[in-house]
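I opened the model today to look up a few points and write them down. The entries below follow the order in which I looked.

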Amino acid sequence: MCGRYSLRITVDELGDILGGTELDPAVAPALDETPGHQVAPSLDLPVLLDDGRRRVALHRWGLIPFWAKDEKIAYKLINARAETLPEKPAFREALGRRRCLVPASGFFEWKKLGAREKQPYLIRHRDGEPLTFAGLWERWRHGPDGVVHSFTIVTVAPNTLMTELHDRMPAILEGPAREAWLDPELSKDEHLGLLQPLRDGVLEAVPVSSLVGNPRNDLPECTQPVGAPLR
């Protein structure tokens with residue numbers, strides 16, 4: 001599961017992830033207003049998508065399927081398991097038509113230290129580069145005039161590093177896989193084939209403050225290491 005991530009990314013970095021990408025007008029002000037040390041479900045956050053034009057738009061984290069009667073379902077759909085995307089009613093149509101990339105500078109997981117004690121870790125690229133998670137997005141009509149755009153993060157089995165922290169991790173796409181995930185010409189099986197644990201040696205996990213987890217604590221301490229990385 002991925003329930004918190006870090007979004008310390010500039011507008012220029014967003015534009016560099018995929019060439020020829022437009023930014024919707026609300027994106028830059030939102031990045032300026034949100035510190036992004038830790039972001040949580042229900043926030044409007046940038047996603048990269050192609051719905052006829054390649055662009056970065058703000059979507060709410062927590063998918064609301066187009067057929068949903070109540071937006072509260074979003075709290076259960078912040079993540080989507082890659083293995084069951086084709087069969088789950090909430091995800092199968094989005095898999096075919098509404099895929100996106102979720103930019104991040106890292107994500108958080110917790111390691112159990114005892115019956116009640118957990119240590120939060122920030123998992124990030126060893127070289128400080130932005131990460132891009134595979135995502136799905138939806139358009140939900142809210143009353144006669146309103147529309148809510150939302151997204152979920154796809155998860156896969158853990159790589160070697162992540163097995164020490166959790167039994168799932170975000171599906172992180174690199175290089176050509178980013179373009180392929182958004183490509184409408186690829187088949188469902190080709191898209192599913194992109195969803196694999198990230199190769200070992202790319203990520204590091206550093207312990208951070210226990211302030212992480214409370215969404216009100218969008219503070220620098222959330223991303224500052226307090227000890228040595230996991231080995």
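**Entry 1: the chain as a whole**

I started with burial: of the 231 residues in the protein chain, 51% are buried. I use buried for under 20% relative accessible area, exposed for over 50%, and partly exposed for what lies in between, with a 1.4 Å probe and protein chains only. The model is a predicted one, so I note its limits: local features need pLDDT of at least 70, side-chain atom pairs count only at pLDDT 80 or more, and totals for chains, interfaces and linings use all residues. Residues are numbered from 1 along each chain as its sequence is written, and side-chain values use heavy atoms, with hydrogens and water left out.

I counted 5 helices and 12 strands in the protein chain.

I then compared the radius of gyration with the globule rule. The protein chain has 17 Å, which agrees with the value near 17 Å for a compact globule of 231 residues. The radius is taken over C-alpha atoms, and the rule is 2.2 Å times the number of residues to the power 0.38. Along the principal axes, the C-alpha atoms fill a box of roughly 50 × 35 × 35 Å.

For contacts I took heavy atoms within 4.5 Å. Among contacts between residues at least 6 apart in sequence, 68% join residues at least 24 apart.

**Entry 2: the open sheet and β12**

I looked up an open sheet of 4 strands, whose order is β1-β7-β8-β12 with antiparallel pairing. β1 (5-6) and β12 (203-207) are its edges; each has a single partner strand, so one side of each has no neighbour in the sheet. Two strands count as paired if DSSP finds at least two bridges between them.

β12 runs antiparallel to β8 (residues 118-125), and 5 bridges join them. I noted two of the residue pairs: histidine 125 with leucine 203 of β12, and arginine 124 with glutamate 204 of β12.

**Entry 3: β4 and its partners**

I moved on to β4 (residues 54-61), where 6 of the 8 residues are buried. β4 pairs with β3 in the antiparallel sense over 7 bridges, and aspartate 50 stands opposite arginine 54 of β4. The two strands form a hairpin with 3 residues between them, and glycine 52 in the turn has a positive phi of about 115°.

The next two pairings of β4 are parallel. β2 (residues 22-23) is joined to β4 by 2 bridges, with glutamate 22 partnered by arginine 55. β10 (residues 146-156) is also joined to β4 by 2 bridges, and here arginine 60 stands opposite serine 150.

**Entry 4: serine 42**

Most residues other than glycine have a negative phi. Serine 42 lies in the loop between α2 and β3 and is partly exposed, at 41% relative accessible area.

**Entry 5: arginine 4**

Arginine 4 is in the segment before β1 and is buried, with a relative accessible area of 15%. Leaving out residues up to four places away in sequence, I listed what arginine 4 touches; among them are Trp61, Phe107, Phe108, Trp110 and Pro215. Gln38 is also one of the contacts. Arginine 4 and glutamine 38 are 34 residues apart in sequence, with their C-alpha atoms 6.2 Å apart.

**Entry 6: the cavity**

A cavity here is a set of points, on a 1 Å grid over the protein atoms alone, where a 1.4 Å probe fits but cannot get out; lining residues have an atom within 4 Å of a point. The structure holds 1 cavity of 30 Å³ or more, and about 30 Å³ of space lies in the largest cavity.

Which residues line the largest cavity? They are Leu7, Ala30, Leu31, Thr34, Asp44, Leu45, Pro46 and Leu58. β3 supplies the largest share, 3 residues, while α2 (27-33) and β3 (44-50) each give at least two.

Key. 1 Å grid on protein atoms, 1.4 Å probe; cavity = no way out; pocket = protein on both sides within 12 Å on 5 of 7 lines; lining within 4 Å. Points joined across faces, edges and corners; volume = space filled by probe spheres on them.
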